[in-house]
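Dear colleague,

Please read them with the structure open.

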Amino acid sequence: PPSLFRGTSLARRLARAEEHTPPDAAGTRRPPPSNPLLLPAPPRRHGRRPPAAHFAALRPVYSYQTQPASAPGRRLIPRIPEQPNSHDTHRDTMAPLVTTDAAAMPAAARKEAEVLAAVKSAEDTGVGASSDRARAQAIADGLAKVAKYVNADGRNRNAKVCNFKLPEELYTAASIELTEKGVGYDAVGPIVDDIFKYSIKSSHPRFFNQMGMGGTEPIGVLGEAIAAACNHSMYTYEMAPVSTLMEREVISQLGKLAGFSENVDGMFNPGGSASNTHAMLLARSNKVAATKSKGLAGLPRMVAFTSAESHYCFEKAGLMLGLGSSNVIKVPVNKQGVMIVSVTSAE
């Protein structure tokens, strides 16, 4: 039993192992196993297997610890867990004991010894705790900079809308290069500063661009931070219960504004191009339902009409949906930008 070896030296463990080793058929007691943990398993009782804790207690556990240079020799000995506990298995395997000479150890064992020594060194010196504190401080400082930017710096009319630099200049100025060594947590603050310094201030009172971007709503930044912290994938309710209900509520309210019933369904897209592509997919499936199951094989030619002033994403959507970009026909518009529908009949 595991309790046999508690609180005893290795020599006494071996002696007790020999005493508890059953004799063979000739009555001769066999020598104890080289590893006192590898004792014969206890007999089955009532046809059931021994408890898992028994095997956990008998499993060889080796740990490594650097001995002083003056030590006469280095050797590897097995350690028997004091109290078998499935919850403490990882903790048991990390306990420091006697190490072997690195040259005499197998490659796998030597690698394990190096890892365990590094872990113990980190525990002893408090590196892990220090690293956690540094990370927490870097995150707090970075979030403070974000809050200051969205509430003040990004809206400052006395600042430039953009500190423009050519790509090759910005690559160096903003430290874009990914290096092998990387940087520590103390570099997070300067990186955040550079990103804000060289980015377009879309919330600036003098910012204007044809692509829209009507500025940043500060409370929305908090929402983005919460979404990033939760890191949910919107697959199922089980995966993202709160986010799923929020999504359904927003879709329902937007549907009401558009005149749909309360049972309206919808989805969120990352941008206008994806939304237009999805709209063309719905139109194609509604017009020719067979495309949902059979695809475009054997079907007559299908075309899509769009304004001559429309975005190029419609041609891209035609390519992605199998219509072909040449089958996305641009219709001329009048002075008011309205498509001249009569031209489509000539096509």
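Why are Arg135 and Asp132 separated by about one helical turn? The two residues are 3 residues apart in helix 5 (residues 127-151), and therefore about one helical turn lies between them; helices here are DSSP runs of H or I with at least four residues, strands are runs of E with at least two, and both are numbered from the N terminus.

This is a predicted model, in which local features need pLDDT of at least 70 and side-chain atom pairs count only at pLDDT 80 or more, while totals for chains, interfaces and linings use all residues. Residues are numbered from 1 along each chain as its sequence is written, and side-chain values use heavy atoms, with hydrogens and water left out.

A search of the whole structure finds 4 salt bridges, the term meaning a side-chain nitrogen of Lys or Arg within 4 Å of a carboxyl oxygen of Asp or Glu. One of them joins the side chains of Arg135 and Asp132 at 3.2 Å, N to O. Arg135, at 36% relative accessibility, is partly exposed, as is Asp132 at 40% (buried is under 20% relative accessible area, exposed over 50%, partly exposed in between, with a 1.4 Å probe and protein chains only).

Another salt bridge pairs Asp153 with Lys148 at 2.7 Å, N to O; Asp153 is partly exposed at 33%, and Lys148 is partly exposed at 49%.

Lys330 and Glu315 also meet through their side chains, at 3.8 Å, N to O. This pair links distant parts of the chain, with Lys330 in strand 2 (residues 328-331) and Glu315 in helix 12 (residues 313-320), 15 residues apart.
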